[in-house]
Amino acid sequence: MFGRIKPLDAILATAEKKSLHRSLGAFQLTMLGVGAVIGTGIFVLTAEAAQKAGPGMMISFIIAGFVCAVAALCYAEMASMVPVSGSAYTYSYAVMGELVAWMVGWALVLEYAIAAGAVSVGWSGYFTGMLGHLHDYADFLPNIVIPHALANGPTAGGIVNLPAMLIATATTALLVLGTTESATVNAVLVVIKITALTVFCLLALPVIKGANFTPFMPTGFGGVSAAAASIFFAYVGFDAVSTAAEETVNPQRNMPIGLIGSLAICTLFYILVAAGVIGSVGAQPMLDSMGHALPTGSTALTDACGKINGQAVVCSKEALAWTLRQIGFPKIGNFVGLAAIMALPSVILMMIYGQTRIAFVMSRDGLLPAKLSNVHPKFKTPHVVTIATGIFVTVFAAFFPVGLLADVSNSGTLFAFAMVTIAVPVLRRTDPDRPRPFRTPAVNVVAAISLIGCIYLFFSLSFYTLLLFFSWAAFGLVIYFAYGKKHSHVGLGTEPGEEA
């Protein structure tokens with residue numbers, strides 16, 4: 001199992017036999033990355049980060065961004081050297097063997113599919129909020145209130161989150177139609193998103209008050225670490241970019257540009273927007289009688305927010321729009337909320353996109369049923385796995401809260417990042433002569449920092465989240481030994497489409 005290593009030359013040859021159409025350039029890749037990164041962490045999870053860390057969430061964003069930066073340098077080397085779909089799964093297969101690759105691929109299901117569900121739930125909150133305030137946009141529009149039971153999952157006192165289901169379904173349909181079409185729509189949404197965040201910064205940053213940053217870490221560094229672990233999944237856009245390597249024109253040049261460029265743009269926005277929220281309206285957490293932060297998503301926090309009529313950023317489901325209303329820009333705040341509604345689907349799109357490409361390659365390797373890697377004759381997309389992924393995302397979005405989905409997604413993300421971090425220096429030793437269009441600088445130091453950072457954030461997640469991760473991993477092992485091991489093309493010595 002550990003010895004079943006698929007050589008890089010074989011990976012590249014397999015991709016050529018059953019490949020996806022190359023249509024994406026550096027600009028499109030960067031926009032795909034920005035589309036995946038900027039979204040949930042800013043529009044949805046800012047309030048949760050503030051409740052965990054207070055103004056210290058500024059450090060949380062920096063910690064998460066730094067860990068991603070060093071991991072991105074490792075990803076850039078692997079992606080430019082192995083320009084095929086599969087991301088961390090493919091890299092692990094080439095370096096550490098089939099069993100590790102399977103576990104990485106299985107963990108990526110948590111990273112992408114569940115993250116897509118989380119963003120769908122976040123979008124639903126903005127959408128239902130907009131419908132309930134339509135009259136604020138135009139006098140002739142009536143306010144529309146979606147029943148609580150149909151706009152929230154069971155943990156929030158509802159039955160099913162219908163808006164979240166609808167946006168997940170619509171995004172899946174778009175991906176079935178084609179990669180180029182999806183990327184074009186995504187680029188438009190990214191422009192809307194960047195415009196909205198730029199306007200927010202221009203209005204909020206000039207009214208910053210130093211007093212709002214005190215106390216800076218009301219919950220201590222433990223709160224900062226917990227917030228960093230929670231918001232980390234909003235940075236996974238560069239990983240989603242790497243899954244598009246097989247559909248990239250001139251990947252040796254364009255992949256590093258897309259990976260590092262998108263991360264740099266997004267980290268800058270994260271820090272500026274967080275500073276704008278904290279400095280303009282404050283971001284102190286709601287505390288219990290013992291001085292501890294109330295858990296996000298808890299009944300206790302809901303009750304505490306009710307006592308102050310929701311007049312705190314930690315109580316808001318639309319933190320940026322709420323902030324602008326508080327500092328005297330209600331109309332612009334409304335339209336920032338509208339921009340979030342329009343832009344968040346780009347994040348859902350990239351999460352589902354990334355998941356389908358991982359499953360596509362695992363199927364192509366025989367670890368999952370071959371039917372999943374079928375390519376649509378007209379649209380040239382892996383339609384079977386896209387539809388299957390869309391169904392799972394829709395279920396997650398319908399019944400689970402955003403905070404839980406985000407944390408579970410992070411566990412899979414951090415595990416995958418750690419494996420890539422290990423793979424890069426190992427491959428430098430086992431295959432030193434292979435051309436590397438992009439080389440990670442000071443690879444041993446960078447890889448070590450990345451690995452330590454991933455482990456640190458992984459164990460900053462809650463015990464419940466880690467329990468879910470290891471349970472999911474155990475379930476994955478059962479599937480591997482029951483199906484994947486027996487049908488692996490590497491194990492059978494066959495290629496896709498051949499009989500053993």
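Where is the place of Thr389? Thr389 sits in helix α18, helices being DSSP runs of H or I with at least four residues, numbered from the N terminus. The model is predicted, so local features need pLDDT of at least 70 and side-chain atom pairs count only at pLDDT 80 or more, while totals for chains, interfaces and linings use all residues. Residues are numbered from 1 along each chain as its sequence is written, and side-chain values use heavy atoms, with hydrogens and water left out.

Thr389 is buried, with a relative accessible area of 6%; buried means under 20%, exposed over 50%, and partly exposed in between, using a 1.4 Å probe and protein chains only. Leaving aside neighbours within four places in sequence, Thr389 is in contact with Ile352, Gln355 and Thr356, where contact means heavy atoms within 4.5 Å. Ile391 is also placed in α18, which covers residues 383–399, but Ile391 is exposed, at 53% relative accessible area. Together with Ile387, Val395, Phe399 and Phe400, Ile391 forms a nonpolar surface patch with about 430 Å² of accessible area. Such a patch joins nonpolar side chains (Val, Leu, Ile, Met, Phe, Trp, Tyr) within 5 Å, from residues with over 30% relative accessible area and no salt bridge.

The largest nonpolar core has 154 residues, and Phe43, Met57 and Leu320 touch the most other members. A nonpolar core is a set of buried Ala, Val, Leu, Ile, Met, Phe, Trp, Tyr and Cys residues joined through side-chain atoms within 4.5 Å. Helix α7 (residues 98–131) supplies the largest share of this core, 23 residues. Of the 34 residues of α7, 30 are buried, so the helix is largely enclosed by the rest of the structure. Among the residues that Leu320 touches are Phe43, Tyr126 and Val336, not counting residues up to four places away in sequence.

The structure holds one salt bridge, defined as a side-chain nitrogen of Lys or Arg within 4 Å of a carboxyl oxygen of Asp or Glu. The side chains of Glu77 and Arg428 form this bridge, at 2.8 Å from N to O. Glu77 lies in α5 (residues 57–81) and Arg428 in α19 (residues 402–430), so the pair ties together parts 351 residues apart in sequence. Both Glu77 and Arg428 are buried.

Two loops remain. Thr214 and Pro215 are joined by a cis peptide bond, with omega about -5 degrees, and Pro215 lies in the loop between α11 and α12. Ala442, in the loop between α19 and α20, has a positive phi of about 45 degrees although it is not a glycine.

Notes. Patches are made of residues with over 30% relative accessible area and no salt bridge: like charges are joined within 9 Å, nonpolar side chains (Val, Leu, Ile, Met, Phe, Trp, Tyr) within 5 Å. Accessible areas come from the Shrake-Rupley method with a 1.4 Å probe; for residues, only the protein chains shown count as cover.
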